[in-house]
Amino acid sequence: MELATEPLVCQRFHALHDSHWLLESLPAPLCLACAIETLRDDNASLVRKNHVLSCLHDALTWHAALVIPLLAQDERVCVHFIATLFGILRCMEDNHILDLSIEVLVMLVVKLKLEVYLHYLLKESQQELCKVATTRGSLPILILLGKLADAIPVFADKLVIEHSNMLEYLATALMYPNERIKAAVCYLYGKLYCLPNAAERLCAHFTEKLCSLFLTTLKNSQTKELQLNCMGLLNQLLKYEHFVSVTMSNSGKGADSASPEFVEGESPLPLMLKKLLLSRDELLQIASAQCIAAVLVHSPAKYAPAFIYADVPEFLFECLFCTSETLIWSIYCCLLLLTEEHLFFSKCHTVYGIEPVLKSLKEILHLNNVELHKQGLLLLTEILKRQPVEIHLFTNAAVFKDAVSVLIEAVNCPVLEVATEAVKAVAALLRKDHVSFTPVQYGELQKLIESVLKQCSDVPLLPPNRGLMGHAATKHQNRALSRQGQFLQSAIESFRNACRLAVECQSDPLAQENPFTAPNSEKKDTLKSFSEFLLRMSDSFCIPIVMKYSERIVRPALMEVFISTLNILFSVVPDMGKRFSIKLASSSFIQLNLELKAKYCSGQSNPVLNQACSSFLHSICLSLHSSSKTTANSLQEEEEISELLQRNLPQLNFGVAESLTLLSETPDSYCLDDTLRTYQYSLLLLFYFAFSQEDRFVPEAELFSAIRSFLLSLQHQGECPPPYVFRAVLYLLGVCQDKSEPLDLVSLSAIRRVLDVTSDFTLVYVHHPQLLNFFLFYPELMGRFGHYIFQLWFSCEDHDQTGFQDAVSRINAGFSDDSNYFNSFLCMLKDNPSALLVLLDLVCQGTKEVAHKVLVTLETFLKRNEDICVCDLLRSQFLQILQKLLVEKCCSILPENETLPLLLNLLFLVQLRYVAERELDSTDFRLLHLVSNLSGKCSPTDQQLLQPSLNFLYWNLQQTTPSSQQRVVAMLLSDIPLLELLERILQHTWTLPSSSRSKLSFGSDQVFCAVAFRKKKPTLFFVSILQFLRAFLRQNLSSSLVKFIVRHMDKHGRELPLSKEDATLYPLAMRHVLSLVISLQNLLVQKDLLLSQTVIGCLEILLEYLYGKNQGIARHVASQPWNKFLLVTLLNGENSFLHPEILRLVTLYVQYQSTDLISLSEISHVLEEASNTKLSELPDSTVRTLHSFLLQCQLLNGKCQLNSTQRASIQTLLESLPSTSRTQLTHQNIVCLGGVAVSLSHITD
């Protein structure tokens, strides 16, 4: 069982008290009346009074709801109670009891909430302070007043208004030597001055009495309590401008802070605060820093000089080497305010303090204090931003590297607000004077910029608002997007400053590269590499990041920074400026800028964005103009375009529809203002440059219609636009023509009128297929200006003939070549065959270079478009061209004419287009005459001229009807210079000198020696000689044209008599036959198709020749054992007897040697293979050869007995063979091998 707690009562007095004063419900029961009587009892011990005060304190603290209502029932009791407690303050010296009494008294007055008790205490305090014999006894009362002022808001006003006399005592008490009293007074003053009304009433009091006393007290203070209370009072005073001015003045009488004495640092307050900064006490350092900031915040320009002359910044920087976050924050605030004063920088305080700032930042970035991070980075930003250009902040590369390291760490902070402040600091760092030490640390700058941009790319963009979230969530998302946009804007600002830095360094030779690089070593950290890095970063990070963010929300401020950055990039690497502008234009950046101007810059809104977009459009247009494929990019024209765009772009803030409407308007005829027309010119240029890079953001049909209205407006007012504007008009009409209705005659008349007055057609020409197609589309324009257009087209296509032909070769091989429009041009020629005549006119009328390109183009066109019949259209034109060339050119310089070989080759290609044999007409014979006459004037070394000429002559002999062939032969045989040329060519081939005006002569030994196989000789060489021998053998080595010279001599040069065999073979000898057969066998085993066909054909004619001269020798040659080996060699691999060449060889052996070489079993094998083959699928050449073989087998049956199976098989195959007719010769039978025309039918015939 718990014992009941005895109530706190006084036995002597308790019986006299009413029972309702007894608070029995308290944990420690208490009689309030007994407690008051005990405190008033002089005989009560200090211990008992202390206990009573403690109980009262606990009751008021924890059970005020029971105590206060009881006391409030009787005002007299309350006054008595308060008087009792106040009496203790007058007579008691025990500090603990005094402190308890003050606390109970304050709690009692506060909880009673009646001003009457407050007035009572103020009145009693004033009386007591005035009659106190010594100031020392006033300490408890001063403490009480301070605590009352702290607890009761209206206390200060009551004291100042109704008890102002007490202020006189408070000021006097500051002169008392007791620092506890001074501390209490300062504390009370601090509470009074924290209220604006009271502070205003105490203004005169402070100026006249308190200021000097207070500053003296602060200066001489020794105890920490007094120092802290003084700083507290000072902090309250410094909230008001008047008090700051008075306090900072030298005399304390409100002197001007801008006086020379003040500026020179004679104000006492900065020195006092500097003294406190030097103390080792952290609280005092914090208080000092806060007071410095409190002064400076009113007017840095007015008060900062005093602190700077007092060297306070130096000590502030020193205090950064601490661990207190509060102190560091306070110092950051002071230094931030000091950065607003130029003197702070001119006295080189920042040069001294940059290292402490960087070190403190490096330390605090490891702390979890976001606001401190932001404040420190803000300080660094301001220092970097405000540092004068003439005073270098970084004296060496090491400090700069430390700054870069700190900023990279801050940029990578996961807190977006901190990273934003860090990026702002990076932007401030990227100034030329900050990196002007040698060598420039381009590598460090690259790491810094790359970290900024990568951090941008790593920031996750919020998904677009779909309207499904609540208002609070949407508001939160908008704030997050805004923070991301601010971060991105700061990042792009830093990148812009980096680009600006690169441009500024271009004019500084020392900044180009590292002068300390060793000779012959790789140069790193150069301006060039840094500039190229910036271009890569813009392409990889800057542009994609901004465009991705802008898909969510468009911030005009961000876009202004972004667009101005792109504008600077044009100058970062001037050599790559053209490529950069083309890439931007092709990525729709002209459209982007026009849309930004239309949406955000109408009227006078966003003038900075408007200027940025206008400057960008101006730069990209000029860059595209300088890189465009126009033939007249003069400096004057560029200046005119620049002036036009610069004047009008800021006003062109229209959307697409408005722009087209503006373009269609007609200016007032009586209006002298040409603003509308210049707007139209500028719009046309913008559309032209955008469309030239495939940025077709305007509907083609609508633009075409607007330009047509523009042309009619020009026609109506009789105006002629500048050539560069009309060039844009023609180009836009060309690219929009396919999706629009054709122009009417009035519009075409307007175009013709302008072109007629154009002095130089190059001024309005653009090298583009669509422009050429536009002229081809309208015969009215083509007939009048076609020659000019084609002339300019070929002049611009490629000025290097070799490169032009290489490009053609690449296209023919299937490769694309973006540098020319060759494919498009060929397609246009295919759709407009009549344009070929204009091109041929250029061959005669154009320059040598243009003529060369025209012929190359036509040659490619004819090769690639075999289905177009243009022969009759071109042949007569070729005749005129050849006649003109032969008349104008001297015979001696014909081989030097580069156009003539191309023309002859083109003529040959035209002739090839005739599908079947045809009768030659007069034009053909005139061309033949010209070509043969031309060939006769050449030397054997004129290969480029002779090769197409001989190809043409060869075609006329091969591809025409027999009657025409006879006329051709007759014409050629009558051309003595041509025959002499052929003889000289053969002399070069067989090296046998001969002189004959009527015959071509060659020696037999040289001919057969030339046929001998050599690896270095091309296949066509052997084919040509064998074809020649084949034709000559058909004539029995006797011809009125060719003379075959045979000499039978010994090694001493004596002529030998002919043997019997040689006599029968004359003019051949047996050694010639054997030599030729061996050569043919060697050539045959090369297994070249064309060569094999030629060899077998030659072998057939040779055996036929031998058989006619001496049958025994023919059979002897056909039955040689090595022929069997040759056949086995040819059959080796996948070849079969039904291969046309092998079957021809077998047929030949069967024809001349019976069954000595080809046995009956082998004949059976051939018949069996043929029987197992689908004869209908065999090619005609194989069918004809098989038919000849079967016929030879039937003839063989009369010489040797074939069995019945073989005879039946032969008969069956003959009946089963599909019928063949002689295939009509086509141009496909003629192929060019190494540039030499060869008829396949001629070889296989």
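The sulfur of Cys31 has its closest cysteine sulfur in Cys34, at 3.4 Å, which is too far for a bond, since a disulfide is defined as a pair of cysteine sulfur atoms within 2.5 Å. Cys31 is buried, with a relative accessible area of 0%, where buried stands for under 20% relative accessible area, exposed for over 50%, and partly exposed for what lies in between (1.4 Å probe, protein chains only). For Cys291, the closest cysteine sulfur is that of Cys334, and the 9.1 Å between them is again too far for a bond; Cys291 also counts as buried, at 1% relative accessibility. By this rule, the count of disulfides comes to zero.

These values belong to a predicted model, in which local features need pLDDT of at least 70 and side-chain atom pairs count only at pLDDT 80 or more, while totals for chains, interfaces and linings use all residues. Residues are numbered from 1 along each chain as its sequence is written, and side-chain values use heavy atoms, with hydrogens and water left out.

Seen as a whole, the protein chain has 63 helices and six strands, taken as DSSP runs numbered from the N terminus (helices H or I, at least four residues; strands E, at least two). Of its 1245 residues, 53% are buried. Among contacts (heavy atoms within 4.5 Å) between residues at least 6 apart in sequence, 73% join residues at least 24 apart.

Leaving out residues up to four places away in sequence, Phe307 touches Met248, Pro270, Leu273, Ile292, Val295, Leu296, Val312 and Pro313. Between Phe307 and Leu271 there are 36 residues of separation in sequence, and their C-alpha atoms are 8.1 Å apart in space.

In soluble globular proteins, nonpolar side chains tend to be buried together. A nonpolar core is here a set of buried Ala, Val, Leu, Ile, Met, Phe, Trp, Tyr and Cys residues joined through side-chain atoms within 4.5 Å. The largest such core has 354 residues, of which Phe775 and Phe790 touch the most other members. A second, separate core of 71 residues includes Phe1021, Leu1084, Leu1099 and Leu1145.

Charged side chains pair as well, and the count of salt bridges comes to 26, each being a side-chain nitrogen of Lys or Arg within 4 Å of a carboxyl oxygen of Asp or Glu. One of them joins Glu444 and Lys447 (3.2 Å, N to O), which both lie in helix 27 (residues 442-458), three residues apart, about one turn of the helix.

Another salt bridge brings together the side chains of Asp539 and Lys583 (2.8 Å, N to O). Because Asp539 lies in helix 29 (residues 527-550) and Lys583 in helix 31 (residues 577-586), the pair ties together parts that are 44 residues apart in sequence. Asp539 counts as partly exposed at 37% relative accessibility, and Lys583 counts as partly exposed at 43%.

Finally, Glu694 forms a salt bridge with Arg696, with 3.6 Å between the closest N and O atoms. Salt bridges that share partners join Glu694, Arg696, Glu700 and Lys739 into one network.
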